[in-house]
Each structure stands twice: as structure tokens, then as C-alpha cells.
Amino acid sequence: MMEKEKRKKKVLIKEKALEMPPIMEELSIVGKSAVRVDAYDKVRGQLQYGADIDYPGALYGKVLRTPHAHALIKKIDTNKAKALPGVVAVLTAKDVPGRNGFGAIIPDQPVLCGEKIRYIGDGVALVAAISEDIAIQALEQIDVEYEPLPAVFSPIEAMKPGAPKIHEKGNLLATSKIRKGDTERGFKEADIVLEKTYTVPILEHAYIEPDVVIAIPHADGTITVKGPMQAPFTVRRNIAPVLGIPINKVQCVQTPLGGGFGGKEDSPIDIGARAALLAWKTGRPVRMEYDREEITLSTCKRHPMIITCKIGAKKDGTFVALEGTIYNEQGAYASLGPVIPPAGGVHAHAVVMLAGPYVIPNVKVDGYLVHTNHPYGGAMRGFGAPQVNFVHESLIDELAGLLKMDPYQLRMKNCFELGSETATGQVLDQSVGLKDTMEKARSEFHWSEKWKPAPSVKQVEKADKQKGIGMAIGWYRTSIGTSGDGCGVNLHLQEDGSILVFQGLTEMGQGSYTVLSQIAAEALGVNLEDVRIVTPDTDVAPESGPTVGSRSTTLMGNAILTAAEPIKRSLFESASELLAIPTERLVIKNRRIYDRDDPKRFVDLKEAARRCMATGRRMMGQGWYAPPKPSLHPETGQGSPYFVYTYSTQMAEVEVDVKTGVVDVLSLVATFDIGKAINPIMVEGQIEGGVMMGLGYALMEEVVMKDGLIQNLNLQDYIIPTALDIPDIKPIYLEYPNVHGPFGAKGIGEMPNIPAAPAITNAIANAVGARIYDLPAHSERVYMAIKKRLAEGI
Amino acid sequence: MRLESSLVWPKRLHWEKYFRPQTIREALNLLEEFNGSARLLAGGTDLIPQIRSRETEPKVLVDVTRIPGLGDIKLEDGIIKMGALVTHAQVAESNLIRERASALSEGASQLGSPQIRNLGTVAGNVVSGQPGADTTIPLLALDATVKVMKREEERTIPMSEFFLDTGKTRVDSTREMVTEIFFHALAKNESSVSLRLAKRKSLALPILNVSVVVSADMKQKKFNHVRIALGPVAPIPLRAREAEGILTSSAIADGVIKEAARKAAQEANPRTSLLRGSEEYRREMVKNLVERAIRRGLERLEVRHG
Amino acid sequence: MAKEKIQFEVNGKQVSLEVDSDELLIDVLRDHLGLKGTKAGCRAGECGACSVILNDRVVTSCLIPAMKADGGRITTVEGLEKDGQLHPLQKTFVERGAVQCGFCTPGMLLSAKNFLDQNPRPSIEEIKVAISGVLCRCTGYQKIIHAIHSASKTSSGKGV
């Protein structure tokens with residue numbers, strides 16, 4: 001009760017603050033660490049993932065990929081391939097019946113390239129054969145004549161006049177900006193100004209389940225495409241125009257994902273469209289699986305960026321101005337980079353987030369989204385935020401050193417609280433627990449006891465192992481900032497009290513099925529096991545949008561609460577008749593409907609449901625939820641781009657081996673304001689997993705490029721953390737209810753991934769007195785930074 | 001233009017015949033019979049991925065894992081002998097090797113993962129000819145010898161003469177079979193250390209492996225000799241003989257250890273690699289890890305005599 | 001290609017099969033025997049998702065020709081439960097939130113079982129080594145380690 005009272009008070013403090021919803025009765029299932037609904041099947045090895053479903057008689061599809069980074073296609077000869085026994089179809093660009101293009105935002109990626117190719121891995125032909133072996137033989141019989149073109153591999157080079165043009169409209173795909181206040185004047189007023197340039201690399205999702213799909217054409221002119229996908233509606237809306245058929249003739253069905261992390265928002269469009277095309281042309285089911293190396297080679301990546309950032313502050317630490325330039329490398333195709341008005345897409349998001357969760361009166365940011373002949377950037381956990389968070393948290397940390405301030409105090413002095421105004425001029429009118437996350441982290445981590453400034457050169461030279469601590473804070477939106485953001489659900493009550501939920505958000509391990517089931521169960525007063533989420537199927541589920549942007553719990557949760565209302569009404573009416581009690585006195589909970597004033601007077605929910613059926617009462621409800629409309633002015637970047645934010649503070653302790661540069665992360669405390677933990681143990685799971693992804697970003701992950709070719713295609717050379725690389729992680733959450741969220745919830749999926757990397761790199765700086773400006777901080781980078789410092793003697 | 005095979009990764013692998021000989025003679029006869037198109041299979045942790053990536057396309061696999069008598073580690077007359085089928089896991093779990101050749105124990109424990117260690121053999125690791133292989137480097141420091149059988153003859157090849165080039169050894173894997181690897185168990189005044197630098201702590205290829213054997217008189221504070229093996233710093237695994245020379249019979253002192261480490265770094269010839277690191281860094285790591293390994297070897301002798 | 005006859009014990013049952021000499025164990029388990037619990041994550045021995053226990057050793061089945069396993073004893077994830085009762089590891093994985101997407105789960109369970117069979121009283125560090133051959137992208141490993149510890153005798157679990 002104390003917590004709730006404290007929160008209520010805080011909300012009422014600021015004039016513009018929003019009203020809290022009424023305190024609810026004690027919750028039965030929401031807020032409990034319920035065992036996830038698919039856990040048993042998963043530990044028994046019984047859950048069927050996409051590759052586990054057999055399709056006897058299905059053809060095997062394969063993509064012919066180009067080994068060039070940029071080239072014109074002069075000629076494709078498929079005759080030899082077509083003649084191979086067992087080959088059923090060989091397709092090239094001219095065989096695409098509809099639109100030869102797909103893409104999550106702009107359909108600029110050819111299903112099959114006809115005129116030119118733009119990155120190594122671009123698809124040039126498709127083969128369907130009766131076995132994988134024959135399909136591969138066929139690929140090798142296809143002759144393609146290329147005329148190589150000069151390629152460009154850096155966004156700065158690609159923006160120069162005369163650079164090779166990758167697309168007709170040129171290489172600059174989008175610009176986004178923020179203009180707030182007057183940074184020129186701001187910097188003049190500053191006592192100290194610090195400017196640095198940072199680079200962050202291309203990253204690979206490395207979900208352990210490879211991409212796979214089955215496309216089945218039906219005699220009635222429809223087609224089913226089934227496989228792991230985070231966004232079945234996006235896949236559908238891309239496949240229909242490729243085949244030249246209306247959207248309502250394409251059915252996309254999700255199989256449980258073995259990880260997604262944003263990659264499977266985009267890759268199923270690619271593998272799905274290609275398999276669908278083969279199925280359409282052959283009239284037979286076609287199965288395609290991408291190999292691990294093929295996935296790394298061809299599917300979307302995390303955007304690499306080159307970011308220059310300048311901050312100005314008074315000598316007491318108050319921030320007065322921030323300026324930034326972001327060169328955001330989009331790669332060959334648009335994927336999820338460009339702006340979806342007003343604030344959707346990786347690029348707009350990164351620009352909005354660069355100033356961090358700090359009150360800064362003067363902000364100027366320019367972001368350039370640029371094509372190159374590299375693999376393209378798409379969605380990856382954090383969606384632009386990890387990149388810019390590394391920048392502002394590193395810069396501010398370095399500033400603290402120059403000001404001789406504890407980096408905790410410098411952040412505390414400037415960071416958001418309820419009522420703060422962001423760099424886009426948005427006033428945060430609710431649910432801002434950032435400072436509490438900082439205080440909580442500080443006490444759990446014993447920050448003040450452990451804090452010491454970085455060692456002197458002499459100290460570093462004396463001991464091989466140096467310890468240090470570092471921190472970072474961050475914020476992350478719930479949902480995607482587009483005007484079309486919304487999701488729908490249909491709930492059906494059966495006469496035995498069991499529930500069917502028809503919705504289109506997907507389960508990729510994050511636990512959406514369980515959390516949404518908990519919300520439905522709580523709303524309808526049933527047990528968790530009474531709720532069944534029907535496999536997301538675009539033929540059957542309302543438009544739900546993609547499972548991205550940490551939106552699922554909040555948006556779909558709200559939709560479920562709305563959908564529950566008419567069902568509850570029917571149940572109450574039936575129960576009222578059975579009990580002879582007015583409906584206003586009735587409460588629904590734990591499979592019972594009872595009198596609030598006399599709980600011993602109750603009727604089983606099953607009975608009320610039977611009566612609803614018998615009396616022809618409505619037993620279904622539909623919910624549609626769209627968040628408050630976002631706004632972001634295209635010239636000034638002012639507006640309210642996202643309706644609520646989650647906050648996090650992370651503190652890390654590292655030990656650096658000065659003689660090798662190897663960094664051991666010893667412990668990490670990660671605190672979050674998440675509004676409401678619908679399922680606490682799953683929240684912890686998201687935190688621990690996301691923190692490890694952040695650790696990978698900090699210390700080991702990068703897609704290594706050479707002349708446009710990825711050098712580390714397999715999982716031995718693309719390094720993600722193993723069990724031996726993990727620190728002791730302490731996950732902690734706080735609850736500052738979101739007025740717009742079910743039971744106060746806001747998103748958690750991506751936030752953990754964001755401040756982890758700079759918390760670690762700041763700890764490295766504290767340990768050895770040398771900073772890393774380019775990720776990853778692998779042992780060579782750390783060693784060379786130390787070496788440079790020792791040589792300079794400061 | 002033909003598709004480069006580097007952009008296709010098949011699921012199904014292909015060979016025509018698979019044999020499981022019960023004796024070494026049978027295995028060697030099969031190799032002769034198929035005249036270059038057969039390969040021996042033991043752990044398969046190198047061969048199977050190589051077949052998948054088409055680095056090698058044998059028509060015949062000769063699975064030697066049924067041959068009895070090749071899976072033992074034994075100590076005979078002060079010599080530790082490991083059969084060709086001894087796995088990394090066996091070495092890692094062997095008390096004998098931990099006590100009398102700790103560098104090999106460490107090398108075998110740090111390689112790959114538990115799964116890879118359960119499958120992969122030390123002989124296979126050595127025969128791969130990789131200049132930084134995790135058991136090759138300690139065995140080189142231990143001055144091991146490899147027993148090889150061909151159709152009628154058996155010969156022995158010292159590890160120091162075993163390697164010809166990256167991936168190439170004096171063993172013709174299509175005609176010959178390693179049957180045993182042996183080395184002198186370390187004496188009381190000898191210790192050994194293996195250090196590994198990699199990008200993460202499991203399932204990672206080494207940036208650098210360093211193994212040393214330190215023989216010293218701790219009472220007199222004098223080195224007898226030190227053997228220093230390292231890789232990958234050249235096409236073949238390296239014995240840093242000039243560095244070793246600096247330490248032979250010298251008094252144990254900071255200065256001479258550092259000098260030897262610097263010399264080892266000069267003898268090494270790493271190239272800048274996109275995945276392993278720059279030449280500058282790799283050379284510095286040779287210096288730092290050789291120094292660290294020697295010091296740790298001395299510490300281990302201290303503990304024994306302490 | 002002529003078929004070869006092989007047989008082995010899978011999850012306590014003898015099976016006889018006809019396979020091509022170049023088939024891999026992972027495909028024989030999944031396609032011939034319908035045991036889909038063993039997953040293909042990379043087909044190069046690098047991710048551990050295909051782990052099975054062969055003759056009391058956990059190994060990556062994508063690197064093993066089926067012929068090599070002839071006459072052997074194999075345990076897959078489907079073989080952990082007995083008469084409808086979950087193995088203690090399966091129970092603790094469920095209870096401790098050690099499962100997210102579940103794709104690495106079979107590999108983790110078998111690595112853990114093989115390890116606990118030899119080391120009933122492990123330390124946390126030893127558990128980390130035991131699962132260091134299976135990559136997980138979802139959980140960050142922490143709850144998996146706790147689940148394994150909780151199932152072991154160290155924590156006075158009933159042991160395995």
C-alpha cells in the first residue's frame with residue numbers, strides 16, 4: 001500500500017500530471033510469476049518449430065546469391081539448370097507476376113534482381129527442386145554475367161558528390177533533425193564543452209533458430225505461408241503484391257520462434273516472398289530454409305553508425321547544449337531504416353534518442369540515413385537506441401571526469417523526472433521512475449563505496465589486473481511512433497468457461513503468450529490454463545501490427561481489456577439472474593462471480609457462461625487499441641513521438657587485464673521502471689538476456705566486412721557471449737504505473753539491451769583511465785587504448 | 001559466371017562409402033585402395049565441417065573409432081603415451097597428465113566446448129596442421145613425438161619437424177595414420193603452463209596459444225632450460241628457440257625473462273588478420289604472454305619446492 | 001546409394017534403421033525417428049543446439065555420421081522424462097524461468113544431465129563450463145545456471 005500511496009502522491013505533484021486509474025482489487029494472476037504456457041512443451045522437446053513440421057512432397061527452394069557488391073546484370077542463362085532432372089522451376093526477375101519488390105517500409109528490395117545487384121547476398125534467381133541436393137546443383141548451373149560497378153562501403157563516402165549511386169534517387173535515404181532552442185548561444189554560455197566521435201559496428205541477431213518457411217498454394221487461389229515471423233501482417237502485405245493478388249488471399253501463420261530480436265521482423269518477408277513465388281509458379285508446396293551462413297550473409301542487421309556528439313555544461317554540471325551528427329549506414333536496401341511518419345523507423349528514433357534522458361534546453365541533431373553496398377540495417381533490439389545511448393553515456397561519463405564529478409551525481413543533476421521536457425519538447429506527464437532506478441541501483445551496487453576516480457599511469461603500470469566501475473542510464477519508448485500504430489483482438493468465451501484469444505502478436509521467447517494470457521485471465525476472472533491464445537494467423541486474427549518496439553504487453557494488453565468488457569457484461573447479467581443480485585455488486589475472480597458484499601453468495605463462472613449461451617447473450621468481445629497519437633515535426637523534431645517511456649540504470653564492475661586487454665565483467669546491477677511487472681520472473685528473464693546482448697555489444701560482437709563481404713559468417717567467428725562470459729547479474733524492477741498501460745504496464749523487451757554496453761565501457765575507462773570510442777571494446781582495442789595512455793603519460 | 005561455392009552451404013553431406021575397420025592394418029589397406037580419395041575419420045570435428053564447406057571432398061570415409069587399443073593414456077618408463085583416439089576430454093580429465101604435463105591438460109581443457117572435447121582427438125588436432133591448435137602448442141613445448149603408420153612401415157616424427165605449412169604436415173592423411181603421440185613426463189624440477197588468448201571464453205579459435213616448459217633449480221635460482229611454443233604466429237607452430245637460448249642456464253631474474261619474451265615476439269611473424277587482430281597487437285601478446293607463462297611456470301615450481 | 005543397416009538404442013529403445021552411408025546422426029534422429037527435439041542451429045558444431053548424449057558423452061550430433069553411432073546408446077531430450085514424469089532438470093528449468101524461446105533448451109538439458117551424472121555436487125563455475133558449448137541468445141544463461149544448480153545435490157535437491 002505504501003508504494004501505491006507514494007506513487008499517487010508523486011503523480012499529483014505536477015500540474016500537468018495525469019490521473020491515476022482507481023486502485024484495483026488485489027490481482028489474482030497479473031503480477032505473479034506464472035509458469036510460462038509453453039514451458040512444458042519446450043523442455044520435453046515437443047514444441048513444433050517451423051523446421052520440425054514435415055511436408056512430404058514439398059519442393060525445396062534455394063536462392064542464387066550474387067558474389068558481387070555492386071554490379072549490373074548483363075545476362076542470366078537458366079537453361080542448363082532447368083534441364084536438370086528433379087528441377088521443377090528456375091525463376092528470374094521476369095517471372096515475378098506482380099511487384100518485383102518487397103520491404104518492411106519501402107518495397108525497394110527486388111525479390112529477384114533483374115537489372116542490378118546492390119550487396120553480396122542479393123538474390124538473382126530461385127530454384128525449386130525435389131531435393132536440396134538437386135536445388136544446389138541447379139544453382140551451380142545458372143550462368144550470370146555481371147558488369148561490376150564501383151562500390152561504396154562508407155556512409156560518408158556515399159554522401160559525397162560523384163559517389164556510385166546505389167538507387168536511382170541517390171544514396172541519401174532520409175534526413176531527420178532536432179532543432180530546439182539555440183545551441184550556438186548555449187555553447188557560448190557553457191563553462192565546458194566536450195566533443196567526441198564514436199563508431200558502432202554492424203551486428204547480427206544470431207537467433208539460434210534459422211529462418212525457415214513453407215509456402216502452400218491452394219486450389220482456390222489463396223496461399224498459406226507458414227514459419228517463424230514477428231510480423232505476419234507485414235509479411236502478408238508484402239507477398240500479396242509480389243504475386244499480384246489481393247491481401248485477403250494471402251494467409252500468414254506464425255510458428256513459434258526460436259528467437260527474433262527484430263531480425264525476424266524483416267527476414268520472413270524475404271524468405272516468405274521467395275518461397276511464395278516458387279509455390280505460386282509451381283503450384284506445389286515449397287519449403288525453404290536458410291543456412292546459418294546464409295542468414296548472416298543476407299538478412300538484415302543492426303545499423304552501424306558514425307556519431308559526433310558535443311555537449312556543453314556549466315561548471316556545476318548543468319547541461320546547457322547538445323549537438324550531434326549521425327551518419328547512419330542503411331546499407332543496400334531500406335528495410336526498417338527510413339522514417340514512417342511521424343517518428344517510426346530506426347533513423348527517426350535514433351535522432352530523437354541521441355540527447356538521452358536529460359533535460360537540455362538547446363539541442364541540435366542532424367541525422368543522415370545513407371545507402372551503401374553493405375548488408376542492410378533493419379530492426380534489432382533497441383532499434384537505434386543502443387547506438388546513441390553508447391554515445392551520450394560515454395560522452396557524459398567523460399564530461400564527469402573533466403568536471404571532477406562523480407558520474408552518478410552529474411547524471412542525477414540533469415536527468416528526467418516527472419514533468420521534465422525532452423529534447424523534442426515533450427513534457428513527461430506520467431510514469432517517470434528514472435531517478436528511483438538510479439537510487440536503487442546505487443544502493444544495490446554499493447556505488448558510493450566502490451567509486452574511485454580512474455587510476456594514475458603509475459598505478460596502471462604497477463598491477464596487471466585493474467578493477468573499475470561504470471554506470472549508464474537510458475530510456476526507451478513503448479511502441480513504434482507511427483500514426484498507424486494499433487492492434488486488435490477477438491476474445492471468445494466458451495460455454496465451459498474456457499477462452500479463445502485471436503490476436504496476431506507472436507511468441508519469440510519473450511513470453512507474450514503467457515503475459516497476454518495472464519491479462520485475459522485476470523480480466524475475465526478465469527485461471528491462466530483456461531485461456532488459449534490461438535496461433536497467430538492473419539486469416540483469423542485482427543490486424544495487430546508487428547511484435548516489436550516493446551509494444552506487445554501494453555498495446556495488446558489494453559485491447560484485451562477492452563475486448564473483455566462485453567463478455568463480462570454478459571456474464572454479470574447471467575450471474576445477476578442466477579443470484580438475484582444487481583450487476584453493480586458483482587465481482588468476477590478465480591472462476592467465480594460473487595457478491596462483493598457477501599462473497600459466500602457466488603455462482604461458478606462456468607454456470608454463468610452456460611446461461612449466457614442458453615439465453616443467446618453475446619459471448620465475444622473485440623478490442624482495438626491505438627496509443628495516443630504521436631507527433632514529431634519533420635523540420636524541428638519537436639513533438640511527442642512516443643507516448644510513454646521505460647527507464648533503466650545499469651552499473652557494472654569490470655576487471656581489465658592490462659597485459660592483454662581482456663575485460664571480465666564481474667557484476668552488473670540493472671534496475672528498471674517498467675510500470676507494472678505482469679510476470680516478474682519473465683521480466684527478470686528479459687533483463688538478464690538483454691543485458692547479455694548489451695555485454696556482447698560492448699565486448700565482442702561485430703560483423704567484420706572486407707570489400708563488401710562478411711568475413712565472419714558462422715557462429716564460431718561471429719562472437720556472442722557464452723555461459724563463461726557472464727557476470728553476476730542482479731535484475732531489479734520498480735513500478736511507476738503507466739496510465740495508458742494494462743494494470744500500469746509499459747514495455748520491457750528492449751530496455752535491458754540499451755545501457756548495458758556503456759555501463760561496461762565506462763567501467764573500463766574507470767579501471768584503466770583510457771576510453772573506448774569504437775565498439776566492440778575487444779581485447780585489442782582496450783590494450784591499444786591503455787598502451788596509448790601509458791605512452792602519453794597522462 | 002559460376003557460383004562460387006563459398007556462397008552455398010548444403011545440409012546434406014556426401015560421400016560414397018563409409019568403412020569401419022577393426023584394425024590399423026585394415027584402415028591402411030583401405031586408404032591405399034582408394035588411392036587419395038579416402039580420409040580417416042576419428043572425432044570428425046575438423047573433417048565434417050571441411051566436407052560441408054567443400055574444403056575437402058573425400059569419396060570414402062574410414063572411421064577408425066572401432067579399432068581397439070588406441071584410446072588409452074599410459075605412463076611407461078617415464079614416457080606418457082596417448083593413443084590416436086584419445087579425446088581432449090580424456091586428456092582434460094586425466095590426473096596423470098594434469099600432474100606430469102599440466103600444459104597439455106590446460107590446452108585440452110580450453111579448446112572448443114565440452115561437446116567438441118568429447119568428440120575431438122588430440123591426434124586429429126595435431127594432424128589438422130593448424131599453427132595455433134590447442135594441443136599442438138603444448139605438445140610442441142613438451143617435445144612430443146608422433147608415431148605414424150603407413151602400409152608396411154611405422155615411423156616417428158618429432159613435433160618440431162612435423163609441420164610444413166598451414167594445414168600441411170608430414171603426414172599424408174590419405175595414406176597414413178597417426179597411431180600414437182608420446183613425450184617424456186615432466187620431472188620434479190620441470191613445470192609447464194599453457195595460456196590462451198581468445199575473443200570469448202568458450203567456442204572460440206585462439207588469437208594466441210603459448211605453452212612453456214620450465215626446468216629450473218629453484219634453490220640455485222637458475223634456469224636449466226625453457227621450451228617456448230606458440231601459435232598462430234606463423235604458417236607453422238613456432239618454437240621460439242632464440243628466446244629459449246637466452247634463458248638456458250641463466251640466473252632467474254626479471255630482466256632475462258623480459259628479454260626472452262621480447263625475443264620471442266621478434267621470432268614470431270604474425271600478420272594482420274581481420275578476425276585475429278593486428279600484427280602489432282599479436283606481437284605484443286606474444287611478449288606479454290610468454291613472460292606471463294614463464295613466471296607462472298616458476299611459481300608452480302616454487303609451490304612444489306616451497 | 002546402397003542403404004546401410006544400423007541399429008542403436010535411443011532413449012532406452014532398440015531401433016534398427018536403413019540409412020545412406022552419408023547421413024548425419026542429427027538427420028537420422030529428426031527425420032527417420034521423428035525425434036524433432038534435437039535442433040539444427042548451425043550444422044557446424046558451433047551452437048550446441050543439436051547436442052545429444054552418445055555413449056555417456058554429450059556431443060554435437062551435426063558432426064557425427066549416423067554410421068559412426070551404430071551400436072551406440074543415445075539419449076535425446078525426449079528421453080529425459082520417464083513414464084510421464086519430468087526429469088528433475090526439466091522441472092527446475094520450468095520452475096526457474098530458464099526457458100524463453102526454447103530452441104537451446106534441449107541442448108542445455110542434455111549438457112546439464114551429462115554433467116550432473118558425473119558431477120552431482122557442482123559449483124556454479126563448473127556448471128558454467130558444462131553449458132559453455134550451447135549458445136543461448138535469449139536468457140543470458142543466469143536462470144539456466146540456477147536451474148541446474150537447484151536440480152543438483154549441492155543445493156540439496158533430490159539430485160538426478
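**Close-up 1. Helix α16 (residues 512-524) of chain A and its surroundings.** At 1.5 Å a residue, the 13 residues of this helix should span 18 Å, and the end C-alpha atoms do sit 18 Å apart, so the two agree; the expected span is 1.5 Å times one less than the number of residues. Helices here are DSSP runs of H or I with at least four residues, strands are E runs of at least two, and both are numbered from the N terminus. This is a predicted model, where local features need pLDDT of at least 70 and side-chain atom pairs count only at pLDDT 80 or more, while totals for chains, interfaces and linings use all residues. Residues are numbered from 1 along each chain as its sequence is written, with chains lettered from A and ligands numbered from 1 in the order in which they are written. Because 13 of the 13 residues of α16(A) are buried, the helix is largely enclosed by the rest of the structure (buried: 20 or more other C-beta atoms within 10 Å of the residue's own, with C-beta atoms placed from the backbone). Just after α16(A) comes A:Gly525, with a positive phi of about 65°.

**Close-up 2. The open sheet of chain C.** Five strands line up as β2-β1-β5-β3-β4, with mixed pairing; strands pair if DSSP finds at least two bridges between them. β2 (13-20) and β4 (57-60) of chain C are at the edges with a single partner strand each, so one side of each has no neighbour in the sheet. Ignoring direction, neighbouring strands are turned by 40° against each other on average.

**Close-up 3. Strands β3 (residues 51-54) and β5 (residues 73-75) of chain C.** These two run antiparallel and are joined by two bridges. C:Leu54 has C:Ile74 of β5(C) as its bridge partner. Helix α3 (residues 105-118) of chain C packs on the sheet, touching β3, β4 and β5 of chain C, and its direction makes about 30° with that of β3(C). Contact means C-beta atoms, placed from the backbone, within 7 Å; axes are lines fitted to C-alpha atoms, for helices over the stretch in contact, and angles run from 0 to 180 degrees between N-to-C directions.

**Close-up 4. Where chain B meets chain A.** Here 26 residues of chain B are in contact with 33 residues of chain A. On the chain B side, helix α11 (residues 279-305) gives the most, with four residues.

Notes: Two residues are in contact if their C-beta atoms, placed from the backbone, lie within 7 Å. A residue is buried if 20 or more other C-beta atoms lie within 10 Å of its own, exposed if 12 or fewer, and partly exposed in between; C-beta atoms are placed from the backbone.
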